[in-house]
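The following note sets out several points for the record. Please read them alongside the sequence and coordinates.

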4 protein chains.
Amino acid sequence: MNHQELLDSLYQKIKNKPDKGKVAKYIPELKKINPDKFGVNLFTTTCKSYGAGDYQERFSIQSIAKVLSLTLAINLVGKKIWNRVGVEPSGDPFNSLVQLEFEKGIPRNPMINSGALVVCDILISKLKEPKKEFLAFVRKLANNNTIAYNKKIVASEKAFGFKNTAHVNLMKSFKNIKNEIDEVLDLYYHICSIEMSCEELSKTFLLYANGGVLTHNNERILTVSRTKRINAIMQLCGLYDEAGEFSFKVGLPGKSGVGGGIVAVHPGKYCISVWSPKLNKKGNSYKGFQILEQFTTETESSIF
Amino acid sequence: MNHQELLDSLYQKIKNKPDKGKVAKYIPELKKINPDKFGVNLFTTTCKSYGAGDYQERFSIQSIAKVLSLTLAINLVGKKIWNRVGVEPSGDPFNSLVQLEFEKGIPRNPMINSGALVVCDILISKLKEPKKEFLAFVRKLANNNTIAYNKKIVASEKAFGFKNTAHVNLMKSFKNIKNEIDEVLDLYYHICSIEMSCEELSKTFLLYANGGVLTHNNERILTVSRTKRINAIMQLCGLYDEAGEFSFKVGLPGKSGVGGGIVAVHPGKYCISVWSPKLNKKGNSYKGFQILEQFTTETESSIF
Amino acid sequence: MNHQELLDSLYQKIKNKPDKGKVAKYIPELKKINPDKFGVNLFTTTCKSYGAGDYQERFSIQSIAKVLSLTLAINLVGKKIWNRVGVEPSGDPFNSLVQLEFEKGIPRNPMINSGALVVCDILISKLKEPKKEFLAFVRKLANNNTIAYNKKIVASEKAFGFKNTAHVNLMKSFKNIKNEIDEVLDLYYHICSIEMSCEELSKTFLLYANGGVLTHNNERILTVSRTKRINAIMQLCGLYDEAGEFSFKVGLPGKSGVGGGIVAVHPGKYCISVWSPKLNKKGNSYKGFQILEQFTTETESSIF
Amino acid sequence: MNHQELLDSLYQKIKNKPDKGKVAKYIPELKKINPDKFGVNLFTTTCKSYGAGDYQERFSIQSIAKVLSLTLAINLVGKKIWNRVGVEPSGDPFNSLVQLEFEKGIPRNPMINSGALVVCDILISKLKEPKKEFLAFVRKLANNNTIAYNKKIVASEKAFGFKNTAHVNLMKSFKNIKNEIDEVLDLYYHICSIEMSCEELSKTFLLYANGGVLTHNNERILTVSRTKRINAIMQLCGLYDEAGEFSFKVGLPGKSGVGGGIVAVHPGKYCISVWSPKLNKKGNSYKGFQILEQFTTETESSIF
């Protein structure tokens, strides 16, 4: 069975199963999405793309964008970033303040909200027009100038983002936020509001499978070493408190978002992206997780 | 030795001892105060006043004002207040977010910052002009129309109050704050900025020693039962994480503030107030604690 | 209404109300007790005793005995005891290990299990025959040589006391337990197994109401200062996580046990003891709490 | 440069650098080891072995043995093991009780002490002679009948293992330990006391690099799926609170022990073992970590 046949077959099989997940409630704008949307795309480092279902329809990539902002920040400040955010798994639900207070305002890793807020603070310190420049960076990775922020999502998240405001204030009290709180939150919500289709998402993340080099023009974005660093962070911290389960069942570095997207990276080979809005109890796409598990099982492509 | 002689004698004795305390650092405006200020005042329910040192000079009463805002809130909403804030000691440093998160946004008591913020939220919901009406209430208790907010202190606290902003946002995320966050914080900082002298402070707190009735005009402000409730809360929660030590050494319900003030209440008999800006490791006035301890020891007036 | 009439009247009134409490499950031997037992006794410092219901039937005083072991330990080592156990409320459920680990093996106060275990360790270090000598001490306070340990209760608690074993091992790892773990636990369970009737319990605790002096022979057991210390500890830490509620509703220092007993002390005046095996959600006797609340309300004898 | 030359070169380079690590203090018997010992061994799935330094001298493998006991337990009870121990990183120092209490006695993963104690409990329930049968299992994997427990190490650890006793009692209170506590601890300390050389360790772990099959006789020990599961657990949880750093710098699943050993697995290719007793701040061999990092960098064999 070739890649396209496999995706089609897995898509059909899982589409018709009951979906035990639930759409995230806390961002009102996201609740408007049709919960039955389901798509999957595979993009190889040899630039071949395979898809099934709603894989060309855009959705809110949410926390998946934290990998992209981390990438830009690492390129701007290098190793110094690790003085302000760690690289270890959190072992806690993703929005807990406990550990952040215990560890004096240093988030455990850049994939949890507090860590991504520190990354935003770094971008603001280093960029003249952070929102504009971040979007330009993403468009370059995606080779697509239509990628954009969704202002409705930004407004919807801001109106209910009290926990994030608590995080950023707590870190400010520990002097680990240097800029104005409102500006940090504004950039954070913009970054999370980016919309992509599964196919665009795979394409954008292809550099992590390709040693840090864009496949469409051979431009190096990250050193090999930094690419490994980011893949390692995704492996250990990318799936909230389900990283262990994902490592076993899917066996690839990956990152999920509350919008129902998950992207996974096979170093040297491919990226695979899925979208299905209903989430399991740990906050990851229920059907998305399933199709990734079956894909890497069928193709025997776990890295372990 | 009568009361005046005793206060004079204790004042002299403790004034000349080395002060191991340190002025609080985190509110810049408070650091401008002369750290050697030291005063004490005793006010009896029979309306006799005795003082020594700087007992007629005003200082920032800070957290002591939390007792007054609690009093007003209890009168406005009655028992329902206990659905939104507890009455048990916290067992934690006074600004910890851990317990608040664990207990889903319900602060353990109204003497810690988070609890006082909920009380402010209640005042805003119930009063048309909360700042004006709260000040009028305090002036009535004090029988003194010159009591006022200090706007410089308000501004200074707001500029560095990131932990309080974190608290109030966390509680908002649990729906235990109903009003706008900025309005809640604004009222909170105004309440904490009230200035009184030791003598004015004793006079204002006399109602808690007098069964809820103002001594100057016999107006009942609180029921007997609510007066006991507030005294019990001061006993268990009024001295941050030093309530046990204070209960043993002073043996009276009391409340301290970061400005270096402490007020203690002997039900049926008197109020005693002290002011000395340098704080011990638990955040309570170093010399203030000492003079209270020696006063209740000499007069054998512990309630235990 | 005199004391006897008041106790009779309150006893009748509360006896006939539905009991919303539940008997503690975790000590099998205690589950054999008739859950409808209910007694109350008042003992004045003038040596008058009043009782109603099952006030002369013995029950397992359990944690109430922690006050007695603390008393003996303070007399043996003085102030040094406070290097190994604190005096502040815990703010946590009574059997939590979290705070103990955070505070490096120093329990917050001697009324929680870990604190009482440290007290046992001190008794073992200072006494030749700890079990025998402790019992002799209690018999002296009670003026009653029939007070005894209940070996069945000891065995029943040992068989299920895994949390206590965890506590004592954790403290040993922080070097805050000096003796053999098994010996510490053996003494602890013996102390908790003491049985008294309400009347015997009131009589035994009378010294705390009487400034440290036994009423039956005027022997001084504690200094006035240490008596106040113990009363302050009971006030702040004696009712697990319900100390604030008890301070308001009853308004006296007190100590409860999982066997359904509560004793409260009015300094200078009396002791009052209650027994009813069904416990409220915080682990304190449901009807016992109620009768104490109504008694101090009727007699206006809150210390606040 | 071939494998042997590379190992020799890295060994010389790192041997002569200053060692910033410190030997673990809490197991007295381990302090007797010469802290300058240093060895490394590479064993390929094609059964070629390369070594440098003290790679044929045995040392206490300590926590590394947790992978072997997990392997045996999975084979005995299958998936049911995950009802009693999780697969997620802990995000906490490896001996913390906090999370264990919060999560009701279910350890986060089988690599932390509490998780390994649950695994021991399972072995006791399923095996007639657990110590004997476990050792036989390890000897089979190692193809070496001289592998043995070190009784002195067992005794030394038992005498100071108060935290482990606390863990196992806490879990027993949550009913997640079924057998006698002393028996569980005895098996645990025996397992940790196993001694191997680097070469024996690599050989023993070769099955995880070889899809679950022993290389010396082609016997299948684990299914492919369970092998991946164990590798994923090592990747996320094998290096205490340094898993993220190890994933980036070494880029392989691995497991460390307090005796100064670390083993890492490259699925499909090889195992590499190191030994150097001085530990970094996170409790992992200082020089061991360095030589692994440089080896995978030189050979470009990170899985990311």
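Which residues of H7(D) meet which residues of H8(D)?

1. The model is predicted. In H7(D), the residues concerned are Asn164(D), Thr165(D), Val168(D), Asn169(D) and Lys172(D); their partners in H8(D) are Ile181(D), Val184(D), Leu185(D) and Tyr188(D). Sorted by class, this contact comprises five nonpolar, three polar and one charged residues.

2. The geometry of this pair is as follows. Helix H7 (residues 162-173) and helix H8 (residues 181-192) of chain D have axes that come within 10 Å and cross at roughly 135 degrees. H7(D) is therefore oblique to H8(D). The crossing of H7(D) and H8(D) is right-handed.

3. Between chains D and A, the contact draws 28 residues from chain D and 28 residues from chain A. On the chain D side, helix H10 (224-237) and helix H11 (243-249) are the elements that give two or more residues. H10(D) contributes the most to that side, with seven residues. The chain D side consists of 11 nonpolar, 10 polar and seven charged residues.

4. Chain C contains an open, antiparallel sheet of five strands in the order E2-E1-E7-E6-E5. Strand E2 (49-53) and strand E5 (254-256) form its edges, each pairing on one side only. On average, neighbouring strands are turned by 10 degrees against each other, direction ignored.

5. Within this sheet, strands E6 (residues 261-266) and E7 (residues 270-275) of chain C run antiparallel and are joined by six bridges. Gly261(C) stands opposite Trp275(C) in E7(C). Helix H1 (residues 3-15) of chain C packs on the sheet, where H1 touches strand E1 (39-44) and E2, and the direction of H1 makes about 20 degrees with that of E2(C).

Note on methods. Residues numbered from 1 in each chain as written. Chains lettered and ligands numbered in written order. Predicted model: local features only at pLDDT ≥ 70, side-chain atom pairs only at ≥ 80, totals over all residues. Contact = placed C-beta atoms within 7 Å. Helix = DSSP H or I, 4+ residues; strand = E, 2+ residues; numbered from the N terminus. Nonpolar A, V, L, I, M, F, W, Y, C, P; charged D, E, K, R; others polar. Axes fitted to C-alpha atoms, helices over the stretch in contact; angles between N-to-C directions. Parallel < 35°, antiparallel > 145°, perpendicular 65-115°, else oblique. Left-handed = near helix turned anticlockwise from the far one by under 90°. Pairing = 2+ DSSP bridges.
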